[in-house]
Amino acid sequence: MPLVRAAGRPGRVGLPLALAAMISSACGGASPAGMTPPEPTPPPKRPNLVFILADDLDVRTAAMMPRLPALIGQHGLTFDRSYVTQSLCAPSRASILTGQYPHDHRVLDNTGPDGGFGAFRRGQEGSTIASWLHGGGYRTALVGKYINGYPTGAAPDYVPAGWDEWHAQLSDLTADRYVNYWLNDNGTVNAFGVKDDEYETDVLSRRALSFIESAAQDGKPFFLYVAPDAPHLPAIPAPRHATMMNGTAAPRVPSFNEADVSDKPAFVRNADLMTTLQINHLDRVETARLRTMLSVEDMVEDVLTVLAANRVLDQTYVFFYSDNGLMLGEHRLVEQKDVNYEEAIRVPFLVMGPGISAATHDAEHFVLNVDIAPTLAELAGVPAPDSVDGRSLVRLLRGESVTDWRRDAMAESTSYTGGLSATLRTPEYAYTELESNERELYDMRVDPYQTTSLHRNADPALIAALSARLAQLTGCRRETCR
């Protein structure tokens, strides 16, 4: 199928109308009315794997994206109970790459002695999904953001083991992310952002497409990890999107600019009510974030087009994920993460590929970022080391009945002083113990926006049971986490 160039973006690959039908056919999608739906395509023995990771994309903002559902969601599976084990970039990315909780891989912050690239390099960088797949015969590539602080403490041309191609943003040299940044292109450091066609998401997209085309021609299974900065602040959209998404705003959920926070911990009680000016600014910030995501939708569209053009779409799993959520005024918290409220720890998670039924949702199973690495490993037929804390999602992807899955999820935050704040999320409750010795308890069945904490008047037996389970998970290792 020939590539179609779309107007308004240099070198952009447009999505032909025929691609929607190709995706549906390749991924077992729905058939036109009156036709018998095709059987799902059996998974290939050595599938290709594409993992697209947004930065700070919360579920509410993802739901406002105009094309993402049509590109992936309608052709695959959406996990509605998808959570990260720490709502912060570096710890979450370390969990994605290693399959370990932060208390296990010990990347506890974005910076500092226990944070970012330095902590990851000292600890678990030698054993990641890239090294497992590379050792199993896969061609691997990273395009975009790696770990916060990269390559501080190492040479600017440093390339970690396990990656055949490396196009990583230099975090410590990047000023404005989208329009003024540096990339390590396979050991050569280049500056970007001066020319009109150097908008970051587009540059990353071109590198991703080039890798797909080259790998497909080689006939070798490949793993592509693409991590644009969008919609991380400061959100600077591409010029072609600078006036789009007008009228959008931060979601006005029941907890937005919450009037009564007397039931909340001190750090929330100390937050002032937002003024009208602050709310208007937050609305503009959210519009800018959405505009940056339009370029990510372009990237997803182009990736699918090139996969189809190179006749490997039906052999490829495409994952769309985010490293953490973001507070957009809920409980008066503005642009905050590394807190354990639902808007920060719950993230969008969509997967399409062979053997996955189209337009399906999993609203039952709690899935975590620590599950991604063992999932990719099983799909590739490569053993994951026993060091992983997560579990493979392959049975869930295939729609099998799974009765032995985890019944809860845990998100944690560990400070430099060793103090721990953590949340246990069950189908019924969200229970939090903070480093300050404060607690929160929400009945998520009737209070999904966490406006009324029940911790002061709850049954002591319930509190004790939730606390005991939380202690089990914050101290778990390897098989005891699964």
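These legends walk through several views of a predicted protein model.

**View 1. The whole protein, to get your bearings.**
Now think about which residues touch: among contacts between residues at least 6 apart in sequence, 70% join residues at least 24 apart.

**View 2. An open sheet of 4 strands.**
Here you can follow the strand order E15-E16-E17-E18, with antiparallel pairing. Strand E15 (409-414) and strand E18 (439-443) are the edge strands, each pairing on one side only. On average, neighbouring strands of this sheet are turned by 10° against each other, direction ignored. As a reminder, strands of a sheet pair through backbone hydrogen bonds, either parallel or antiparallel.

**View 3. Strands E15 and E16 side by side.**
Zoom in on one pair from the sheet: E15 and strand E16 (residues 420-425) run antiparallel and share 6 bridges. To find your place, look for alanine 411, which stands opposite threonine 423 in E16.

**View 4. Aspartate 58 and its two arginine partners.**
Side chains of opposite charge can pair when their charged atoms come close. Aspartate 58 meets arginine 60 in a salt bridge, at 2.7 Å from N to O. Aspartate 58 also forms a salt bridge with arginine 289, where the closest N and O atoms are 3.2 Å apart.

**View 5. A salt bridge between two loops.**
Aspartate 229 and arginine 177 join their side chains in a salt bridge, 2.9 Å from N to O. Aspartate 229 sits in the loop between strand E10 (222-227) and helix H9 (266-269), while arginine 177 sits in the loop between strand E7 (165-169) and strand E8 (181-185), 52 residues apart. Both aspartate 229 and arginine 177 are buried.

**View 6. A network of salt bridges.**
The structure holds 30 salt bridges. Which residues are linked in a network? Look for Arg67, Asp202, Arg240, Glu297, Asp298 and Glu301.

Definitions and conventions. Residues are numbered from 1 along each chain as its sequence is written. This is a predicted model: local features need pLDDT of at least 70, side-chain atom pairs count only at pLDDT 80 or more; totals for chains, interfaces and linings use all residues. Side-chain values use heavy atoms; hydrogens and water are left out. Two strands pair if DSSP finds at least two bridges between them. Axes are lines fitted to C-alpha atoms, for helices over the stretch in contact, and angles run from 0 to 180 degrees between N-to-C directions. Contact means heavy atoms within 4.5 Å. A salt bridge is a side-chain nitrogen of Lys or Arg within 4 Å of a carboxyl oxygen of Asp or Glu. Buried means under 20% relative accessible area, exposed over 50%, partly exposed in between (1.4 Å probe, protein chains only).
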